[in-house]
Amino acid sequence: MVGAKSINTALRTVNRNLAASPFARSRRRPYTWLIMKIHEYQSRKILSDAGIPVPPAEVVFTPDEAADAFKKFAAPMCVVKAQVYAGGRGKAGFVRKVTSADEARTAAKFMLTTKMVSPQTGPEGMPVSVLLVAPGVDIALRPGRFDHKDNPAGDEYYLGLTIDRARNTITLIASAEGGMEIEEVAKDNPDKILKIPLHPTLGLQAFQAREVAFQLGFKDKMANQVSSLMLTLARIFKESDADLAEINPLVITTDGKLVVLDAKISFDENALFRHKDIEQMRDESQEKPLDVRAKKANLNYIALDGTIGCLVNGAGLAMATMDIIKLHGGEPANFLDVGGGVTAEGATEAFKIILSDPKVKGILVNIFGGIAKCDLIAEALVKSGEEIGFKVPVVVRLEGTNVDKAREILKGAKSKLPTLIAATDLTDAAKKMVAAVA
Ligand code: GDP
Ligand code: MN
């Protein structure tokens, strides 16, 4: 019933500025919402399958496996990296350089038993259950820089593609000041970040890629390699319906090879039906439990910051409901679209999900009985109320087929469900709801 488009529009309206910057997006919301994330090791595989140079690495799940991986690589230094749906790992201590199997074991143990807290996770942090062990790479300086004194760590480049919602185009973002400080660079030195909007049908064109490579300071053969890497990344972005495809850092090793040290790809949930292989990569342990539950019940659910829970059928109606709540001085606690055919089971699960958010002080039910008839919906509401027990005021606005029968049912349930409040229309519902939570 509800198209992908309307949900996207809804999301954009819910929080326009969230989508505006690839850097701001994940900082605000630690978990996925209609964007499916994958782990670094999975992103690396997608890149390397497409021919992009990614150094070897091993996925491990225990401290002993991390120690074994270190021994296997027989390199003087390895990096142990937490695989987690949030960035800022380096600064949080979840990317560690280790020089012995024992150090690898200790680093792994720390990461597997500590929740990672970074600016992208929120204070509660995120659990880690998968790690990547990769042989360390010696990072060179960019052409024209001769001395490691001004940058002992070596030079790191940023390359990314994302959708610029303000321009409605895919945009290539590139910087010679990549690495862990990229967010600060974006904030303090935005001129150091190149943004190239792509043509809607031609995508990234070879001349654009070459120009960016030169602007980043690459020359000759290396410029060719970097521009072909950009073209491949742009193709991956488009073909996989990505929302973000990012390499940070891209580096040149001291023996002159261009390699990717970290990659992050996320995808548009609404396009996953045509990417079963990507859908399979989902790691539910990294997603918000309520999001996973809502998805299983086929509900379009997005948690917001307010106090009024919304249970609505249809994305457009959900948008209108949130608007009218705000118009009357309230704040919605969620966007929840139960879809066209509301069933008792669906409504019950929706109520349970909304009520498990401790911020919710009341619920506004706004249902239009078209496909599903109002009397059946009213019965479903009463049934779920009896099962869950409405601890907060629940204002119900029903409209459509058999609405009179439905009102009788709600009236009859008043003694069983004392917090149930019937509303005559949407404005009446919003006013009653805002008053009830005030
Ligand atoms: P993030 O902080 O979550 O983006 O994690 P990254 O994988 O990007 O790692 C953070 C930083 O660790 C990078 O910017 C590099 O400076 C450093 N790093 C990662 N892998 C290697 C490596 O193989 N060799 C060296 N020298 N540094 C590395
Ligand atoms: Mn990185």
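Tutor: Two strands pair if DSSP finds at least two bridges between them; helices (H or I, at least four residues) and strands (E, at least two) are DSSP runs numbered from the N terminus. The model is predicted: local features need pLDDT of at least 70, side-chain atom pairs count only at pLDDT 80 or more, and totals for chains, interfaces and linings use all residues. Residues are numbered from 1 along each chain as its sequence is written, chains are lettered from A and ligands numbered from 1 in the order in which they are written, and side-chain values use heavy atoms, leaving out hydrogens and water.

Student: In β10, which residue is the bridge partner of Val 251?

Tutor: Strands β9 (residues 242-252) and β10 (258-260) run antiparallel and are joined by three bridges. They form a hairpin with five residues between them, and Gly 256 in the turn has a positive phi of about 85°. Within this pairing, the residue of β10 that bridges to Val 251 is Val 259.

Student: Which protein residues are the donors of the manganese ion (ligand 2)?

Tutor: Donors are N, O and S atoms within 2.8 Å of the metal (3.2 Å for Na, K and Ca); water is not among the atoms, so sites may look incomplete. The protein donors of this ion lie 2.2 Å from it, one through an O atom and the other through OD.

Student: How many residues apart are Asn 248 and Asp 262?

Tutor: Asn 248 belongs to β9, whereas Asp 262 sits in the loop between β10 and β11 (263-268). The pair thus links distant parts of the chain. Their separation, in residues, is 14.

Student: Is Asp 262 buried or exposed?

Tutor: A residue is buried under 20% relative accessible area, exposed over 50% and partly exposed in between (1.4 Å probe, protein chains only). Asn 248, with a relative accessible area of 11%, is buried. The relative accessible area of Asp 262 is 17%. Asp 262 is therefore buried.

Student: How many residues of β9 are buried?

Tutor: Strand β9 pairs in the antiparallel sense with β6 (residues 157-164) over five bridges, with Gly 160 partnered by Glu 246. Five bridges also join β9 to β11, again antiparallel, and there Ala 245 has Ile 265 as its partner. The strand is largely enclosed by the rest of the structure, because its buried residues number eleven of the eleven.

Student: Which strands stand at the edges of the open sheet of four strands?

Tutor: The order in this sheet is β2-β5-β3-β4, with antiparallel pairing. The edge strands have a single partner strand each, so one side of each is left without a neighbour in the sheet. These strands are β2 (58-60) and β4 (95-98).

Student: In β5, which residue is the bridge partner of Gln 83?

Tutor: Strand β3 (residues 78-83) pairs with β4 over four bridges, where Lys 81 stands opposite Val 95 and Val 79 is partnered by Lys 97. Six bridges join β3 to β5, and these strands run antiparallel. In β5, Gln 83 finds its bridge partner in Val 130.

Student: Which residues point the other way from Cys 78, Val 80 and Ala 82 in β3?

Tutor: Strand β3 is mostly covered, with six of its six residues buried. Cys 78, Val 80 and Ala 82 point one way from the strand. Pointing the other way, and likewise buried, are Val 79, Lys 81 and Gln 83.

Student: At what angle do helices α9 and α10 pack?

Tutor: Axes are lines fitted to C-alpha atoms, for helices over the stretch in contact, and angles run from 0 to 180 degrees between N-to-C directions. The axes of α9 (residues 206-215) and α10 (residues 220-239) are 8 Å apart. The contact (heavy atoms within 4.5 Å) involves residues including Ala 209 and Phe 214 of α9 and Val 226 and Met 230 of α10. The packing angle is about 130°.

Student: How is α12 oriented relative to α14?

Tutor: Angles under 35 degrees count as roughly parallel, over 145 as roughly antiparallel, 65 to 115 as roughly perpendicular and the rest as oblique. The axes of α12 (residues 289-296) and α14 (residues 344-355) come within 10 Å and cross at roughly 170°. Relative to α14, α12 is therefore roughly antiparallel.

Student: In which helix is Ser 384 found?

Tutor: Ser 384 has 0% relative accessibility and therefore counts as buried. Beyond its neighbours within four places in sequence, Ser 384 is in contact with residues including Ala 347, Phe 351 and Phe 390. Its helix, spanning residues 374-388, is α15.
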